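Trainee: Hi, could we go through this one together? I'd like to start with the backbone.

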Amino acid sequence: MTVVSAVFAFILMAAGAFFGAENTLYAEASGRPVAISSCTIAGADVVCQLSSGSVPSSDDGKYYIFADEVYQDGPTGKVAAVVDAGASVTAVFPLGYNTGESNLSRKFLVAVKRGGQMVQVSDEHYITNPEAIASHTSPRKECGIKGILPDLTKASNGELQELGVSQVVYNMYVDDICVDASVPGAIPFAYNGQTWYFNNGMVTKFDSMIKSFNSYGMQVTMVLLNGGRSPYTQHLVHPTARGGDCPGYALNVADSTGTEHLKAIGAFLGQRYSGQAGCGQVDNWILGNEVNARTSWWYSSSTSLDFNVNIYVKAFRILYNELKSQNANVRVYNSIDQEWNRKSNPGSFLAKEYLDQFNYYMNREGNIDWGLSYHPYNSPLYDPYAWNGPAVWVKQNLSTPYITMQNIDILINYMHQPQFLSPGGQVRSISLAEIGFTSSFGDDKQEASVAYGYLKAASLPDVDAFMLFRQTDDAHEMESHLALGLYDLNGNKKPAYHIYKNLGTANAGAAKARASEIIGMDIDQMISQNIVWTRSGNGVVQ
């Protein structure tokens with residue numbers, strides 16, 4: 001910046017002006033007296049309801065409704081509508097669905113012209129009923145909470161069905177499914193005036209897998225991840241995440257290339273796996289894995305909680321609106337870990353503070369029916385006692401360092417607060433989409449832990465899924481005493497397999513009796529009376 005331009009910029013900023021995302025000069029709002037109470041789809045239009053207790057002054061008595069892309073801030077996007085300013089105003093403009101001017105996943109704000117410059121006078125607001133245009137809606141496959149991360153080598157020979165699970169969870173990486181036109185056989189997908197391409201070989205494998213799970217009567221939950229490994233998807237890695245070394249990266253919502261591709265991914269997946277396209281049905285989508293674990297699973301170089309939550313919310317809004325605009329019944333979840341008030345990794349954010357900030361943005365910018373995916377592992381992870389955790393880590397109040405299956409009711413009660421309720425006033429869907437118990441310190445402890453975890457989850461009406469991680473042990477995880485599978489590395493069924501198989505069936509009594517014997521107390525009584533045992537020490541097993 002030259003000396004002259006620097007002085008000019010200083011003068012403008014002193015006058016209350018600054019440069020926006022596209023280097024557009026606009027005035028900083030001194031206040032935001034206008035409220036956008038709703039933005040909803042009605043037919044082919046978007047209808048925004050505006051209200052103001054004190055109509056802001058302006059040059060021309062008009063409200064300008066801007067439609068910003070998620071990476072734009074302030075009145076820098078397209079002017080979608082101009083209406084007379086007033087205390088109660090309705091603004092209507094085209095949705096433009098599946099065109100280059102689609103407003104489906106944009107955010108809206110109100111500005112007035114003052115002194116010849118645009119001044120923002122409202123907070124941003126997103127469309128909150130994308131399901132209104134869904135044309136590929138299918139009934140959900142609700143058939144019980146018992147689920148697992150499957151071992152695909154055991155799915156084709158009936159072992160998964162024999163286990164009796166009602167749900168499965170699996171990972172899908174955007175870098176696996178996205179390619180460009182140069183890849184032979186790539187699947188073209190025209191959306192919003194552009195053509196995008198998907199990996200035919202990988203996508204058809206997902207088709208086959210998902211259809212198989214559906215044919216077994218199982219509901220499918222897919223975790224959408226960004227591994228940053230493919231040359232075709234580097235633009236999907238957020239600029240603050242580039243150059244990192246992590247298994248998961250924040251999605252790029254900082255520019256048009258990443259944002260438009262993300263919209264197309266959401267629309268493609270929502271349509272293809274709606275149950276109406278002959279490719280199988282995914283009822284639940286989870287965006288990212290343990291996104292509060294910044295340096296592990298949703299990497300960004302920024303250490304700001306607000307910045308990280310803000311970019312996650314933008315990605316979430318896009319995928320929510322795109323997925324539900326295809327299948328109205330799909331659910332979309334965020335994902336946080338069990339580190340409620342204590343960080344084992346200094347690069348992470350606390351689960352509670354991340355959840356609070358996420359909910360703040362959701363309420364401020366238009367409440368939608370998002371779901372919570374929570375991972376209530378024992379603490380430490382390798383602790384074998386789900387029913388008797390270390391007192392130092394597991395407490396019965398909101399100050400607890402960790403929320404595990406023992407004190408999961410703290411989370412449930414927290415989500416009952418008015419500010420966390422869905423637009424319909426209901427407690428949100430809560431999915432325990434990843435939970436596992438080790439057998440490294442004895443098969444009996446895993447047996448009892450699996451029974452305790454499942455029965456505790458089944459006792460809570462707000463819990464819609466209990467997904468064991470995993471079906472078969474992983475050698476790398478076992479190096480950290482995490483033998484979490486129901487099968488060992490040689491393919492042998494562990495005793496916990498039989499416990500899990502019988503739970504939720506007519507044979508549940510035998511499973512409960514075995515768990516009660518190991519615990520030393522009737523397991524039904526322990527759960528129904530919410531009896532919580534804790535032990536001294538830090539969880540290190542002697």
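**Loops, a helix and a sheet**

Mentor: Asn-98 is partly exposed, at 36% relative accessibility. Buried means under 20% relative accessible area, exposed over 50% and partly exposed in between, using a 1.4 Å probe and protein chains only. This is a predicted model, where local features need pLDDT of at least 70 and side-chain atom pairs count only at pLDDT 80 or more, while totals for chains, interfaces and linings use all residues. Residues are numbered from 1 along each chain as its sequence is written, and side-chain values use heavy atoms, leaving out hydrogens and water.

Trainee: What is the phi of Asn-98?

Mentor: Near 55°, a positive value in a residue other than glycine. Most residues other than glycine have a negative phi. Asn-98 sits in the loop between strand S7 (88-94) and strand S8 (107-114). Strands (E, at least two residues) and helices (H or I, at least four) are DSSP runs, numbered from the N terminus.

Trainee: And what about phi for His-481?

Mentor: The phi of His-481 is also positive, near 65°. His-481 lies in the loop between H10 and helix H11 (495-502) and is partly exposed, at 41% relative accessible area.

Trainee: Where is the cis peptide bond that involves Pro-380?

Mentor: It joins Ser-379 and Pro-380, with omega about -10°. The peptide bond from Phe-469 to Arg-470 is cis too, with omega near 25°.

Trainee: Switching topic: how far apart are the end C-alpha atoms of helix H4?

Mentor: They are 22 Å apart, which agrees with the 22 Å that its 16 residues (200-215) should span at 1.5 Å a residue. The expected span is 1.5 Å times one less than the number of residues.

Trainee: Which residues of H4 are buried?

Mentor: Among them are Val-203, Phe-206, Asp-207 and Met-209.

Trainee: What is the strand order in the open sheet of three strands?

Mentor: S13-S15-S14, with antiparallel pairing; strands pair if DSSP finds at least two bridges between them. S13 (178-179) and S14 (187-191) are the edge strands, each pairing on one side only. Two bridges join S13 to S15 (residues 194-198), and Cys-178 has Phe-198 in S15 as its bridge partner.
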